[in-house]
Amino acid sequence: MENHECFDVQFSDGSTVVADAEHKWYVEPNRRQPCVLTTRELLKDYKSGSYNTYAIPVAKPLQIKTKELLIHPYLLGFWLGDGNSYSAQLTVHAKDIEIAGYIEAEGYNVIVRNVKDKPNVKNVQVDPLVISYICRRGHDTRVTGRTKDGRCAECHRQISLHNKWKGVKDIPVDEVVNEKRTMRSKLEQLNLIGNKHIPAIYLRSAVKQRFELLQGLMDSDGSITKKGRCEITLKSKILIDGVSELLHSLGIKHTVKAKPAICSNSPTKARSQVWRISFLVYEDTPVFKLKRQLERQKAREGCRTTETERRRIVAITPVTSRPVCCIAVDSPNHLYLAGKAMIPTHNSDIMNNVIGRFAQLDPCTMMMIQPTLSDGEDFSKSRITPMIEATKSLKSIFRESKSRNTSNTIMSKYFTGGRLIIAGANAPSGLASKPIRILLCDEVDRFPDSAGVEGDPVDLAAKRTTTYFNRVIGLFSTPTIKGTSRIDDEYMTGTQEEWQHQCPNCGEYHLLTHRQMLADFDSSEEHNKKHVVVRSVKWICPDCGFEFSENDMRNAAQKYVAQNPAAFATDTRSFFVNCWTSPWISWNDVMKEWLEAEGDPEREKVIYNTRFGESYERKGNFESEDIFIKRREDYGAELPQGVLLLTAAVDTQDNRLEYEVAGWGHGEERWGIRKGVILGVPDTPEVWEQLDRVLDKTYKFANGRGLKIARTFIDCGGHYTDYVYAYCFKNRFRQRFAIKGSNMANEDLVAKIGKKQMRNSSIPLVFIGTDTGKQQIMDRLSIEVQGAKYMHFPLDDKRRMKKFVEALQGLVKTDAKSLSSDAVIESYANRGYDRIYFRGLISEELVPRKKNGVVVFQWVNIAKDKRNEPLDLAVYNLACMRSIAPNFEKLDAMLAQGNNGEAGGVTAPAPAAKPKKRYGCIKRGRRTE
């Protein structure tokens, strides 16, 4: 919006916000109740002599989820203050050496060294590089040798040949297999070497993480006066801006001032400019970790605490008019944060504006529909009534609300020349009332399919507008899931005007989407969490193929382009703008969010809806089982290399037990080991004895070493629950547990662990979020690149397995009965991963259904034979592995060590030989032979 009267609003802490005359502010006046006033109303009396009349409360700390950070926030904060810009070294005063203990307590390797000629200064190295004979590509430099500069000679040879023949022929270079995770490498990954600043992910981490970052900064370069005022002085403007934003996000009011300084350590007494941040907090907000600093923070008692938690409006100055924007925020208190200082200001609600505009300028009958009657009551109390009370022009035309005045109630409000009716989509009587001219429907995706038995609530209410030629119908909601979102369908029936950019090369206009973005990034994974550092993002033109940066496209010509111009004839206009046009978030940040969310359906949905502005399409069905039949691979042994842990799952049926043994490795990579069926009714002991043989078996690698099953989950649903409980009670010390499935939406995979009382004892009963598990299995089946979360399936090969058994019998001395050729061949050759298995693995798909007016997704069995046991077993095995919470790095080290330090699998240690009994007699206090 343009040509509005604008003002520069200045606050006591030096922050400013430019707003138009009608912008609303939540203020706390002197000796009056808090209220909402426009900028024009504030201008009249914001000064009362030398006193500032109005104050605005400081925002509370931003509530954000905990983030997975490469470097602990406290360590990063201290390094930003007193760390070497080009290495992972810290400078610490001798009296503050406790800081090294704080860092070491977070799991870092800390080395403290003295500094020559400076007895009061200590040098602290954090996670230094440990020199190894094995290079990052896995070469043993004792064999390959090193170059003059100390690098691996084999790596140097491969890279030199690759660069020499680049473009002529492809000379391969070995992949990096031994990435050095030093403190300095992490600083490089965060782009902090020689470039000290606070990374964006740290500024938007959890409150506890941000306070730890602030404590590190204050312990290094901060100070506190005897009166409790905290200060931090820095030379870097970029770093001081980051600290200021950090304090704003924590709800700490502060000031930033520039001042000249003289470097006392410089022989020339060099002059420079520094910036000082000053603020006041109390002992309930510890901004230091050092004990000597914490002792100076004051208690709140006896202090004027209100002024540390509010900003005073000190000046309102007219400025040149500039474009302004009306912002609608779906918040109960209508507040959002404005400017870098995160100043709370009032929400200008779009639907409230529509109601207010027609009530004052074009009175008529209006109807507002909410999903339910209770939602309508809440909307009336929390939005409509406060708007009327706070707006003088509306208060004068709406009838006063009194207990005996039936013309102004919660759900019906009369005003001069018109009426506002508030209804619920679940109440047909309210929708079929008098004719209306303005119809506003909020959150239509939550509307029920039918208002009682009378049909679609929107269509039913729209019929009330038939008699008006100048009727207006507005539908409001957020696009959610593809194929179920009504607001998405309404957009498609409109003009579909997209905000498009002109290609600087070919001149064609295109909508920017994530599908055309090329990102240069590094990705790593720690504790099953993906970390992405995006270096650059470029858009590739679909027509000419040229690449352009974010700055290039922001400077390019832009306009709305209608994809459905025929809709102009129906007066239905719809518009689309996504995050790639937003000035508030960079392309790098968007791609970082997307790349870290990719593969997690719930996080993907958030990015699609809130960043890309698109409805989300859930994964969950595959065309046929052939894609997995072709994906099977030859393991070469019962256990392939990479398996570090074995789990088992058992599904109980009326006439059989179905089981699967699964192997797990780094990044939750999964290998199917054996799928089988034990025929027989589960109330017979022979069935459970056969299961014991499967679960007690040692599964072997190619070198003859083996692994046993670490834990087993057994489904206790069906008609034989008591027999499952009895088996699990008998084997409760062998990690065999009963489980039950839960179909609740958004339930954790391992929802909870209860107990089942058995005789004089009890057994654990594990509840599994089956819907969550099925979605995760479908997501993992969609992964086509081997690595983290990839699912491997074995290929049966009797011929190769027979040769392996013959060779194994010649090398290993063992009991012929336990290593019979037929038994092992059957174990390898018939693993159970056939067409029937894969048909059952993809036997269900996710189908949207409406429940109580809300779209929910349910898993539906689409298989002709209704056999879904393989999918259930995959879910149980995933939950079983998650319940163990394995440390794959430690398991890998144990497996690599094996027996006698040799590589290979882990076998049980040989039992100690029993000492021979010795016989004799006791003579003179001694035992003799």
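I take buried to mean under 20% relative accessible area, exposed over 50%, and partly exposed in between (1.4 Å probe, protein chains only). The model is predicted: local features need pLDDT of at least 70, side-chain atom pairs count only at pLDDT 80 or more, and totals for chains, interfaces and linings use all residues. Residues are numbered from 1 along each chain as its sequence is written, and side-chain values use heavy atoms, with hydrogens and water left out.

**Entry: aromatic pairs**

I looked up Tyr833 and Tyr837 and found both buried. For ring pairs I used Phe, Tyr and Trp (its six-membered ring) with centres within 6.5 Å; planes under 30 degrees apart are stacked, over 60 edge-to-face, and the rest tilted. I counted 19 aromatic pairs in the structure. One of them, Tyr74 with Tyr102, is edge-to-face, at 6.2 Å centre to centre and 85° between the planes. This pair links distant parts of the chain, 28 residues apart: Tyr74 lies in helix H2 (residues 73-82) and Tyr102 in helix H3 (residues 98-105). Helices are DSSP runs (H or I, at least four residues), numbered from the N terminus. I noted that Tyr74 and Tyr102 are both buried. The pair of Tyr833 and Tyr837 is edge-to-face because the ring centres are 4.7 Å apart and the planes stand at 70°. I also recorded a cluster in which ring pairs link Trp580, Trp587, Trp594, Tyr608 and Phe612.

I placed Trp79 in helix H2. Trp79 counts as buried because its relative accessible area is 0%. With contact taken as heavy atoms within 4.5 Å, and residues up to four places away in sequence not counted, Trp79 touches several residues, among them Gln89, Leu187, Leu192 and Lys196. The C-alpha atoms of Trp79 and Gln89, ten residues apart along the chain, are 7.7 Å from each other. A charge sits over a ring if NZ of Lys or CZ of Arg is within 6 Å of the ring centre and within 35 degrees of the ring normal. The charged end of Lys196 sits over the Trp79 ring, 5.0 Å from its centre. I found Lys559 placed likewise over the ring of Tyr509, 4.5 Å from its centre.

**Entry: Asp771**

I located Asp771 in helix H23 (residues 770-781). Asp771 is buried yet has no salt bridge (a side-chain nitrogen of Lys or Arg within 4 Å of a carboxyl oxygen of Asp or Glu). The nearest side chain of opposite charge is Lys774, 5.0 Å away; Lys and Arg count as positive and Asp and Glu as negative, while His and the chain ends are not counted.

Note on methods:
Helix = DSSP H or I, 4+ residues; strand = E, 2+ residues; numbered from the N terminus.
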